[in-house]
Amino acid sequence: MEDFESKLKRLRLRAPSPELDERVLAQKPQRPVRISLAGRRVPFWLAAAAAVAMAGVGFATGLAWRRQQPIAAERRLPSPATIQVIYNSPAEGNPFDFTRASHFFPAGRLEATIQTSKGA
Amino acid sequence: MQADDGALEQIYRRHRQQLFTCALAVTRCPDRAEDAIQEAFYRLFRSNSRARQMKAYVFRTVRNAAIDQLRRNPAPAEELSEFIFDPGPGPDHAAAENEFQRQVTAALTTLSEDERETIVQHIYGDLTFREIAKIRDAPLGTVTAWYQRGIKKLRERLEE
């Protein structure tokens, strides 16, 4: 650059206001952070292999633990049942009475309601 | 794909002063020059273009915004007597330099718009002639001619 141009260049320029930076850069849009799959530090195959290995270890540990447990004796108790017999029914033709032994079995139809409830 | 915001911010931070000076040379008003820069970067941050010569593209957008500012507000703003130069030189500034600055300002106003803007862009905007040609959408030879002619006139006026 010639002397004259250098001399021109040395002149002090008017500076923009300090607020200009804020005015300009505040307009910069906030973009959502994109997670680049290509830029992963842990490759997919390694992550998948680790997941499979961990699942295998978990399954084996669970199996070993179950084998160490004593086998509990299971008894299946029959469900208690309540049989309710209607005797001395006011209804005609149902005069059967269980409260007394009887050889007499009246003719007719015996109506009985059976209420069954399972025990806990 | 959006313009690279990081690259734009970098260009802004690196050429902040030059962008302002070039915009000021068009608007002749500091407030309008800053408005033009803000408007230009609003457009740039949202543009989809990926210019190969990003710096020239940014300067061109700022220049267009400065011209738009003038078109939108045709009423002449208070014209700066100091043009693009510092209005309040520091106390260490020699009187001779202050006088030179005043003479340069006066001489610049006598040049054509093209000559004056080319000198500002090249000397104070740190732009190459090729970049100026791209910004102004003019042939390289024309830009060089504007500059040479302008500098010659400037020198002659200052020697008078």
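Q: Leaving aside its neighbours within four places in sequence, which residues is B:Ile37 in contact with?

A: Two residues are in contact if their C-beta atoms, placed from the backbone, lie within 7 Å. By that rule B:Ile37 touches A:Leu20, A:Val24, B:Leu19, B:Phe20, B:Ala23 and B:Val62, once neighbours within four places in sequence are left aside. Before we go on: this is a predicted model, where local features need pLDDT of at least 70 and side-chain atom pairs count only at pLDDT 80 or more, while totals for chains, interfaces and linings use all residues. Residues are numbered from 1 along each chain as its sequence is written, and chains are lettered from A and ligands numbered from 1 in the order in which they are written.

Q: How many residues does each chain give to the contact of A with B?

A: Chain A gives 18 residues and chain B gives 27 residues. On the chain A side, the elements with two or more residues there are α1 (3–9) and α2 (19–25); helices (H or I, at least four residues) and strands (E, at least two) are DSSP runs, numbered from the N terminus. For residue classes, Ala, Val, Leu, Ile, Met, Phe, Trp, Tyr, Cys and Pro count as nonpolar, Asp, Glu, Lys and Arg as charged, and the others, Gly among them, as polar. The chain A side then splits into 10 nonpolar, two polar and six charged residues.

Q: What is in the largest nonpolar core?

A: A nonpolar core is a set of buried Ala, Val, Leu, Ile, Met, Phe, Trp, Tyr and Cys residues joined through C-beta atoms within 7 Å. Buried means 20 or more other C-beta atoms within 10 Å of a residue's own, exposed means 12 or fewer, and partly exposed is in between, with C-beta atoms placed from the backbone. The largest core here has 41 residues, and those with the most contacts inside it are B:Ala23, B:Ala33, B:Ala36, B:Ile37 and B:Val62. α1(B) gives the most to this core, with nine residues.

Q: At what angle do α1 and α5 of chain B pack?

A: Axes are lines fitted to C-alpha atoms, for helices over the stretch in contact, and angles run from 0 to 180 degrees between N-to-C directions. Under 35 degrees counts as roughly parallel, over 145 as roughly antiparallel, 65 to 115 as roughly perpendicular and the rest as oblique. Helix α1 (residues 5–27) and helix α5 (residues 113–124) of chain B pack at about 170°, with axes 10 Å apart, so α1(B) and α5(B) are roughly antiparallel.

Q: And at what angle do the axes of α6 and α7 of chain B cross?

A: Helix α6 (residues 129–136) and helix α7 (residues 140–159) of chain B have axes that come within 9 Å and cross at roughly 110°. That makes α6(B) roughly perpendicular to α7(B). Their contact has six nonpolar, one polar and two charged residues.

Q: Which phi value does B:Asp137 have?

A: Most residues other than glycine have a negative phi. B:Asp137 has a positive phi near 60°; B:Asp137 sits in the loop between α6 and α7 of chain B and counts as exposed, because it has 7 C-beta neighbours inside 10 Å. B:Arg28, also not a glycine, has a positive phi of about 60°. B:Arg28 is placed in the loop between α1 and α2 of chain B, and with 18 C-beta neighbours inside 10 Å it counts as partly exposed.

Q: Is B:Leu127 buried or exposed?

A: B:Leu127 counts as buried, because it has 23 C-beta neighbours inside 10 Å. B:Leu127 lies in the loop between α5 and α6 of chain B. B:Leu127 and B:Phe59 are 68 residues apart in sequence and 9.3 Å apart in space, C-alpha to C-alpha.
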